[in-house]
Amino acid sequence: MVDPGDRAREEFFTEAQEIVETFSRNLLSLDATLKVGGDDPALVNEAFRAVHTLKGLAGLFGAAQLGLLSHRLEDLLDALRLGRMPLSPAVLDILFGSVDVYAQILDAERNALDPPAQAVDELCRRLDALGGASAEQPSLVVEYDLDPGMLAVLTEYEEHRLRTNIENGRGLYRLRVQFDLSTIDRALEEIKERAKRHGEIITYLPTGESASPDTIELDLLMASRDDLATLIGTLGADNVVIEEVPRRRRPSLAAGTVPPPDPAGTLLSLAPPGARLEPATSDDVLAVEPARSIKAVTQTVRVDIKKLDHLMNIIGELGIVRGVLARLSERARSDGQRQLATEILRLHRSFDRRLGDLRDAVLEVRMVPLGQVFDRLARVVRQISRDVGKDIRLVITGAETEIDKLIVEELSDPLMHMIRNAIDHGIEAAAVREKAGKPPAGTIALNAYQKGNHVMIEIEDDGAGIDEDALVEKAIALGRISRVDAGDLARHDLLGLIFMPGISTRDVAGDLSGRGVGMDVVKTNMAKIGGVIDVHSERGIGTKMTITLPITLAIVNALLVRAAGQVFALAVSHVSEAIVFDRRGLRTVEGREVVSLRGQTLPVCRLAEHLGLPEGQGPAPRRFVVVMALGARRLGLVVDAVLGQEDIVIKPLGPSLSDVRGLSGATELGDQRVALVLDSASLLEDVLSATDTGPLEVAPRG
Amino acid sequence: MARVLLVEDSEVTRAYVRGALSGVGVGSAPLEVVEAESGFAALRLLPRGSWDLVITDVNMPDINGLELLSFIRQSERHRATPVLLMSTQTSGRDRERGLALGAVGYLSKPFTPEQLRDEALRHLSAAPDERGHG
């Protein structure tokens, strides 16, 4: 086997992608550390390891551009981690730029396209412009009585860390630990966790001597500013013996071969100003996520999402079996076979419960934390705020909130546009902000949380807010609404105008930076994944966009209703209640039919009429209003009957029907009938935004 | 059967080495490649049997390849086991260190499957077969 197979290649992409993401996270953390004037050698080393691994992968898989870029970055990061070059915002900019180039390269490789040689060249030129690293550091100052056996096994990086710690006046300690081989990972993690409050563990050397074959003895070399007594107090244990590594008598200075152990003086001669890996924050050095844990390798499996879709389809089909069981039981009962009916019913219940568990388990596998997309957004915020010269603080909460992998994939573009708009048009220039009594740095909050069956994402800025007057003027100028209608619009509806095609927030903010992205596109993309956006804005205070998303698209608990003799399915999560339709309570307000529900006005829509279907034959004695609620908007859907609930797997409509608005797909029900699935988001949208009262056409989207 | 312990924290590199060594045999016996994803995992695996060759990455978190090499050299049972290092290290320093500590060879990443195979076979056939078969 000379060529690694397709499978290995697929793994290569996945691993490369993950490494680039880790790399990008490291850079963001470094950026944050740098902003407060700190430095974090462990982070630099992790970033180095990331490109180092990428370079190795590139070599193995013959990805030349990937190799070239990684090689150059490796040189830079090596110089950074070994303290030969200072980490500056300019250097970070280049590193951030490389994340995008990596993405382009991987994309090209995956799709067998030409690699983006130009982008790589460009980045290499920027690297060239940085200039070389300063001269190699002199060899290690051996002023400690360190075991030569231990010195001999240090890698270059570990040696550098040792030197830096010595130069910063830290004491060295040897921790001799005995561990049970079977529990060594956990034991080591524990000791690392406790040690990081006191300093840095530089290396772990197995001594080769142990009390029994099941145990192992390790020497940990640790640097700390704390004294021996403190360390023994917190780290010492029966199996952990701590000794101070004694300082050697200083070798003769007259010989001139060894620099004086004056930390400051030594450093100055080693590195250009600002280059010093300042240890001020290095108590937190090891507080960063430890390098990819061993457990992650052995206890996780990567699965193609298509396989999970397949599982979901099987679960959907099992739902049909469940339906058949229920009907069999009924039939047996009506045939007088009570015993059999009861047994089938019991079987049905047990099957139902297990199927529910199976469904939940598969759904759980599909869930990924929103942090994945938030990381990317943090990078974008950094980039854009630099581009437009605004100081922006991004505050993220709820990154651990989980959502369907497929939804996450589709979220990043719309979220990015929204954040762009917030930076470009929401956050004012520093001078304007100060005049308004706000802190010069703008804040964008990105909050996520789960609410019932939904995930909520809020994007909130403390900027200027949306200028409703300008918005209305623009909408009138575009002929979207008449001046008369505008006068009637409620505040909430006014803000909704930003979602009209042709209206860019750029026009509203009167800013010509050219980045205004039509919110109508954002809204359409969100709707595709079942998302709805609500806008709140206060002039001078800020804007908050709230996105309501389903947790998953794979399986939906649906309410089955009948209209015009057909069955339709509607996501239960979008339904708040169903009431009996009382024709007498029907009124017409502003050309729209409404009923009163607990004192509030509820617009209604007759489903059959809306879809252009003939009303059911014969008089329907009792009809129902299904109250749909999505975000802050509500709509009553008038139907002939409410049939019950069922878990459905939505299947796409064929190509000729896929563009029909108002439908999100079809599903096979438990009784093997096929039902169309209503798309709540577009239904609400079409009905509530229609200013005329005529039936909406069911027509392909432009 | 000749047994090889492969120590490497990158899953993909492990797969690559495994692929390069598949179908390789010493005499008529195929190679058995056992994988460890860290220095610690290697320490756990080492006592479980005899090894004809250890192939290890140098730059790994916690226990690095040089430390593992040094441990093997000092170990009563495994001191004769040849250790082959792999690394992408840009400078020659770690290579020199490794050879000084008694590594039988050093493969610079990227290497071709043939390079790895040749290097591995060289040390497998050179290794004195001291252990009893069974």
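This is a predicted model: local features need pLDDT of at least 70, side-chain atom pairs count only at pLDDT 80 or more; totals for chains, interfaces and linings use all residues.
Me: Which helix gives the largest share of the side of chain B that touches chain A?
Reply: Helices α1, α2, α3, α4 and α5 of chain B each give two or more residues to that side. By class, the side has 17 nonpolar, 13 polar and twelve charged residues. With eight residues, the largest share comes from α1(B).

Me: How much area do chain B and chain A bury between them?
Reply: Let's start with the contacts: 42 residues of chain B touch 45 residues of chain A. The rule also finds 13 residue pairs in polar contact across this interface, with both residues at pLDDT 80 or more. Carbon and sulfur atoms carry 58% of the buried area, and the total is about 3800 Å².

Me: Which residue caps the N-terminal end of α15(A)?
Reply: Helix α15 of chain A covers residues 405–426. The cap places a side-chain oxygen 2.8 Å from the backbone nitrogen of A:Leu406. That oxygen belongs to A:Asp404.

Me: And where in α15(A) does the kink lie?
Reply: From first C-alpha to last, the 22 residues of this helix reach 30 Å, close to the 32 Å expected. Even so, α15(A) has a kink of about 40°. The kink comes shortly before the proline A:Pro414, at A:Leu411.

Note on methods
Residues are numbered from 1 along each chain as its sequence is written. Chains are lettered from A and ligands numbered from 1 in the order in which they are written. Side-chain values use heavy atoms; hydrogens and water are left out. Helices (H or I, at least four residues) and strands (E, at least two) are DSSP runs, numbered from the N terminus. The expected span of a helix is 1.5 Å times one less than its number of residues. The bend at a residue is the angle between axes fitted to the seven residues ending there and the seven starting there. A polar contact is a pair of N or O atoms within 3.5 Å; within protein, one must be able to donate a hydrogen and the other to accept it, and residues adjacent in sequence count only if both atoms are side-chain atoms. Contact means heavy atoms within 4.5 Å. Buried area is the accessible area (1.4 Å probe) that two parts lose on being put together, summed over both. Ala, Val, Leu, Ile, Met, Phe, Trp, Tyr, Cys and Pro count as nonpolar, Asp, Glu, Lys and Arg as charged, and the others, Gly among them, as polar.
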